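Student: I've just opened this one and could use a guide. Can we go through it together?

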Amino acid sequence: MTGADVLLLGSEPNDPDVMRLLICEVPAARALTRHQNHGEACVWCGERDSLAPLGGAYGWRPHGCPLCRRVRLTYLSAYVSWKRHVRDCEPCRIEWCPDGWSLALGHGIAYEVTKKPEPVHCACGCPLPLTSRRLRPYTENDVGGPRYSHTGPCRSGSDPGPAPSVAPRPEEVP
Ligand SMILES: [Zn+2]
Ligand SMILES: [Zn+2]
Ligand SMILES: [Zn+2]
């Protein structure tokens, strides 16, 4: 272990919500090499030195190098901080607030560093750029990794329009 590793470990977030999401950032096992699936190479860049565990279960123990791990933890910390704010902030859920916006900007920078695909696809299917003022973390269930939502109406093709139940069914028409 080098001095840089100790520094990184020393500043590692101990937030259980962040650590729980880390394993969700690992690519699917079928997309990894044998070395990566056996924790012998970083799952993101293939580096073989100074690896640290990312979680996992049942003998699947993927590892990451300090740099890649740091990039993902920074992103997940930004996501979790933003999500916690939005969950308790009425203006953010309806429209916008300056505190939420600064968290969104921090999240956007951390997201870009991970080189994850853009635009972000919300849970409803709508694609949104990171800079959209409508983008929000998904505040309900995030099992399976960070998810997103947005304020305002859906603009995707998946928008079902007005609920059909509003119209009376033929047998109910007098
Ligand atoms: Zn790496
Ligand atoms: Zn807010
Ligand atoms: Zn939508």
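Student: Which strand is H150 found in?

Tutor: A strand here is a DSSP run of E with at least two residues, a helix is a run of H or I with at least four, and both are numbered from the N terminus. H150 sits in strand β6. Before going on, note that this is a predicted model, where local features need pLDDT of at least 70, side-chain atom pairs count only at pLDDT 80 or more, and totals for chains, interfaces and linings use all residues. Residues are numbered from 1 along each chain as its sequence is written, chains are lettered from A and ligands numbered from 1 in the order in which they are written, and side-chain values use heavy atoms, with hydrogens and water left out.

Student: Is H150 buried or exposed?

Tutor: Buried means under 20% relative accessible area, exposed means over 50%, and partly exposed is in between, using a 1.4 Å probe and protein chains only. H150 has 13%, so it is buried. C124, at 31%, is partly exposed.

Student: What does the side chain of H150 make a polar contact with?

Tutor: A polar contact is a pair of N or O atoms within 3.5 Å; within protein, one must be able to donate a hydrogen and the other to accept it, and residues adjacent in sequence count only if both atoms are side-chain atoms. For H150, the partner is the side chain of R134, at 3.3 Å.

Student: Which protein donors does the zinc ion (ligand 3) have?

Tutor: Donors are N, O and S atoms within 2.8 Å of the metal (3.2 Å for Na, K and Ca), and since water is not among the atoms, sites may look incomplete. Here they are H150 (NE2) plus C124 (SG), C126 (SG) and C154 (SG), 2.1 to 2.3 Å from the zinc ion (ligand 3). C124 is in the loop between β3 (120–121) and β4 (127–128) while H150 is in β6 (residues 148–150), so this pair ties together parts 26 residues apart in sequence.

Student: And which protein donors does the zinc ion (ligand 1) have?

Tutor: Four cysteines, each through SG: C42, C45, C65 and C68, lying 2.2 to 2.3 Å from the zinc ion (ligand 1). Their spacing in sequence reads C-x2-C-x19-C-x2-C. C65 is buried at 6%, whereas C45 is partly exposed at 48%.
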